[in-house]
Amino acid sequence: MADITPTAGIHHVTCIAGDPQRNMDFWVETLGLRLVKRSINQDDPSTYHFFFADAEGNPGTSMTFFPWENLSRGKVGSGQVSRTAFRVPEGSLDYWEDRFDEYGVEYDDRVERFGETVLPFEDPDGLPVELVEVEIPDDDPTVPWTEFVPEEYAIRGFHSVTLWLADPQRTEDLLRTMGLEEVGTEQAQGDTPGDERTRFAAAGPVGRYVDILPTIQGGREGHGTVHHVAFQTPTDEDQSAMREAVQSMGLRPTAQIDRHWFRSVYFREFNGVLFELATSGPGYTDDEPLDELGGRLVLPGKFEARREQIEAGLTDVTVPRAEQVEADD
Ligand code: ZN
């Protein structure tokens, strides 16, 4: 078996939303992320696929959504990513609480977790999200997008995902195979079902943590739930080696699928969470220049020929824009 390059961490997280405009308004304006790609679900071209990320769409920063309006509200449960957490600079949670008050976003009390301060809240579809204060180094690989939120408070990619699992052990073995290391266990707190939260850490600075909470509490897919979590396998060789390794554990990964901005392998892990392995390239600037990311509906490959028909089947959405700011001089 080929040597495995440990994953640097989370590549992206993909979730299910309801109304596309409400989803866009919250993630772009309220949370201040950049819309880096406006596209369609490649398996269901009547549905949008929105990608919200840092200023450059770097790996480890993109939160993506399928707004499936016809689905109903989901329920977080075992076999799902139960929460997605983002990094924000130390000392910025006062700003975020004020912003949430201003925008009418409900949030829970802050909690301390593994020595870090966490602010839990939900997006308009009920998706559980958290902001975690961390020290952002000068050479951080993420680039803040500052259209709606100033740099000193801006979200800087993923902090972690939390998995709710009926039988954590085999999933923990899988995470070790993928190159994550167990870093600690502590008493769970807040609205979590298990007694203990166990944390695994990957090698990279962004999206490096996977937390595990044991529970048999049932859930169902729908608005406000996570569809899958993708991990970074930068090159095709990295991905192929990782694919072989998870297959040898008895899992059934797909063949590589071209997702246009990255190439992907999918598999359900032992407890039913859908995992993806995603390459770094070619990236979101492959078909749009950096300063125009998200500016138009991008239809990859064969879908461009059906643009008129596809556009007619999509709800119109408006991307929020900050008011034109006058130049200083
Ligand atoms: Zn994905």
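His-260 is found in the loop between strand S14 (257–258) and S15. This residue has a positive phi of about 75° although it is not a glycine. The model described here is predicted.

**Zinc site**

- The zinc ion has three protein donors, His-12 (NE2), His-228 (NE2) and Glu-276 (OE), lying 2.0 Å from it.
- Along the chain, the donors of the zinc ion follow the spacing H-x215-H-x47-E.
- Distant parts of the chain are linked here: His-12 belongs to strand S1 (residues 10–17) and Glu-276 to strand S16, and the pair is 264 residues apart.
- Both His-12 and Glu-276 are buried.

**Helix H4**

- Helix H4 covers residues 236–248, and its 13 residues should span 18 Å at 1.5 Å a residue; the end C-alpha atoms are 18 Å apart, which agrees.
- The buried residues of H4 are Asp-238, Gln-239, Ala-241, Met-242, Ala-245 and Val-246.
- Viewed down the axis of H4, these buried residues fall within an arc of 165°, so they line one face of the helix.
- In an α-helix there are 3.6 residues a turn, so residues three or four places apart point the same way.
- Exposed residues Glu-237 and Ser-248 are carried on the face of H4 turned away from its buried side.
- Helix H3 (168–177), strand S15 (262–268) and strand S16 (274–282) are the elements against which the buried residues of H4 pack.

**Helix H3**

- In H3, the buried residues are Pro-168, Thr-171, Glu-172, Leu-174 and Leu-175.
- Seen down the axis of H3, the buried residues lie within an arc of 155°, so they line one face of the helix.
- These buried residues of H3 pack against strand S9 (158–165), strand S11 (196–201), strand S12 (209–214), H4, S15 and S16.
- Just after H3 comes Gly-179, with a positive phi of about 105°.

**Backbone details**

- Returning to His-260, its relative accessible area is 22%, and the residue is partly exposed.
- Phe-114 also has a positive phi, near 45°, and is a residue other than glycine.
- The loop between strand S6 (111–113) and strand S7 (116–122) holds Phe-114.
- With 24% relative accessibility, Phe-114 counts as partly exposed.
- Gly-281 and Pro-282 are joined by a cis peptide bond, with omega near 0°.
- Pro-282 is placed in strand S16, the strand that also holds the zinc donor Glu-276.

**Aromatic rings**

- The whole structure contains 20 aromatic pairs.
- One of them is the tilted pair of Phe-100 and Tyr-107, at 6.0 Å centre to centre and with 45° between the planes.
- Phe-100 is buried, with a relative accessible area of 0%, whereas Tyr-107 counts as partly exposed at 28% relative accessibility.
- The charged end of Arg-199 sits over the ring of Tyr-209, at 4.6 Å from the centre of that ring.

**Two buried residues**

- Leu-93 lies in helix H2 (residues 93–103) and is buried, with a relative accessible area of 0%.
- Apart from neighbours within four places in sequence, Leu-93 is in contact with Val-88, Arg-110, Thr-117, Val-118, Leu-119, Leu-131 and Glu-133.
- Leu-93 and Phe-231 are 138 residues apart along the chain, and their C-alpha atoms are separated by 27 Å.
- Val-161 is located in strand S9 and counts as buried at 0% relative accessibility.
- Setting aside neighbours within four places in sequence, the contacts of Val-161 are Ile-10, Val-13, Val-81, Arg-83, Thr-84, Tyr-209, Val-210, Asp-211 and Val-229.
- Among these contacts of Val-161 is Tyr-209, the residue whose ring lies under the charged end of Arg-199.
- From Val-161 to Pro-282 there are 121 residues in sequence and 25 Å in space, C-alpha to C-alpha.

Definitions and conventions:
Residues numbered from 1 in each chain as written. Predicted model: local features only at pLDDT ≥ 70, side-chain atom pairs only at ≥ 80, totals over all residues. Heavy atoms only, no water. Helix = DSSP H or I, 4+ residues; strand = E, 2+ residues; numbered from the N terminus. Expected span 1.5 Å × (residues − 1). Buried < 20%, exposed > 50% of the residue type's maximum accessible area, 1.4 Å probe, protein only. Arc of directions from axis to C-beta. Contact = heavy atoms within 4.5 Å. Donors = N, O, S within 2.8 Å, 3.2 Å for Na, K, Ca; no water. Phe/Tyr/Trp six-rings, centres within 6.5 Å; stacked < 30°, edge-to-face > 60°. Lys NZ or Arg CZ within 6 Å of the ring centre and 35° of its normal.
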